[in-house]
Amino acid sequence: MTVLLEQVQVGDQLPPLAYDVTATTVVLGALAMRDWRPMHHDHDFAVHRQGVQDIFLNTPNQAQWFERFMTDWSGPYGRLGRMKFKMRSSVFPGDTMTFNGTVTDVATDAVGCGWVAVDVELTVGERVCTTCAVRIAVPTTPDDNPWSRRGDRWVP
Amino acid sequence: MKTLPESVLSLIDVPQYEEEGEFPVERGYLWTVASSVENGNPLYWDEEAAAEITGGPIAPPTMISAWFRPHWWAPGRKEQKLPLQVHFDLKRLLDLPEAIMSENTLIFHEPVRIGDRLTTVQILRSISEEKTLKLGTGHFWDIDVEYTNQKGELCCRESITGFGYNR
């Protein structure tokens with residue numbers, strides 16, 4: 001499925017994504033991203049040195065989850081331009097993390113690229129763990145492909 | 001209020017640690033990453049889709065930092081090499097043993113392709129005055145990282161905000 005710009009409106013909600021986090025989720029995500037720091041795989045280090053309850057999802061792996069959430073919605077023609085995320089609270093094994101996204105802007109830029117802005121929240125229960133402001137390019141017509149843009153025609 | 005040492009202030013806006021990643025972008029790693037978050041985007045799994053949409057396989061944009069994280073160990077290396085060395089330099093220079101990352105911005109430009117050799121450069125942009133949070137007392141700092149490919153094309157600009165502190 002490919003989302004076209006004309007199909008998107010401010011206020012639209014993206015399909016939510018829920019995932020049960022295990023120790024494997026945390027360790028696999030950290031090591032896949034080549035993050036060897038012990039708070040992402042060593043329970044004793046996380047608890048006794050960092051003062052947190054358990055190992056926790058690392059930032060680069062959270063970026064992976066945000067990317068997946070966005071492109072599950074946009075389809076493969078969706079091209080990420082910008083992501084800004086703020087970490088407020090950690091995600092631990094045993095948590096069910098949920099991603100929700102709301103469209104905050106729909107626009108075409110000066111070089112004809114269609115952009116959708118989405119505010120995404122990663123929550124565990126009532127706790128907001130990370131917020132992420134995403135700017136993603138989507139096709140303006142069935143023949144448009146944001147990935148074909150280079151140089152001055154790509155302004156993320 | 002402690003004054004920041006000149007050795008730290010003099011690093012602001014100075015490009016540091018320009019270096020090439022330790023290995024070229026390769027497909028096995030991107031499959032591991034996509035698999036770790038169960039990302040079924042056909043750009044990463046389907047040859048025909050990748051050829052049609054992106055002119056061949058690309059890496060997930062958000063895995064950009066993985067390509068410059070050093071190996072855990074390498075022959076002849078006496079000390080562990082660290083990613084984002086400017087961050088660790090600041091911890092040492094300011095005597096702040098703990099740190100967290102609080103904010104991160106990624107701006108994506110040219111896609112990263114299989115076989116690319118990426119180069120990074122780190123630039124300290126700012127350091128805050130001393131702050132006391134629930135975690136402890138220390139400083140926020142902003143570091144930019146620029147990633148370019150072997151053609152000199154900008155692939156990503158990353159801005160990271162860290163907080164180094166004493167508990």
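Author: Let's start with the lining of the largest cavity: its residues split into eight nonpolar, four polar and three charged. In that count, Ala, Val, Leu, Ile, Met, Phe, Trp, Tyr, Cys and Pro are nonpolar, Asp, Glu, Lys and Arg are charged, and the others, Gly among them, are polar. A cavity here is a set of points, on a 1 Å grid over the protein atoms alone, where a 1.4 Å probe fits but cannot get out, and lining residues have an atom within 4 Å of a point.

A word on the model: it's a predicted one, where local features need pLDDT of at least 70, side-chain atom pairs count only at pLDDT 80 or more, and totals for chains, interfaces and linings use all residues. Residues are numbered from 1 along each chain as its sequence is written, chains are lettered from A and ligands numbered from 1 in the order in which they are written, and side-chain values use heavy atoms, with hydrogens and water left out.

Back to that largest cavity. It holds about 220 Å³ of space, a volume being the space filled by probe spheres set on grid points joined across faces, edges and corners. Of its 15 lining residues, Arg37(A), Arg69(B), Leu84(B), Met101(B) and Ile160(B) sit nearest the centre. Chain A's α3 (59-74) gives two or more residues to this lining, and so do α5 (85-93), β2 (98-108) and β6 (154-166) of chain B. Those labels are DSSP runs numbered from the N terminus: helices (H or I, at least four residues) and strands (E, at least two).

In total, the structure has five cavities of 30 Å³ or more.

A pocket is an open set with protein on both sides within 12 Å along at least five of seven lines. It is lined by 47 residues, and those nearest its centre are Gln50(A), Phe56(A), Ala99(B), Ile100(B) and Met101(B). The largest share of that lining, six residues, comes from β2(B). Sorted by type, the pocket lining has 22 nonpolar, 12 polar and 13 charged residues.
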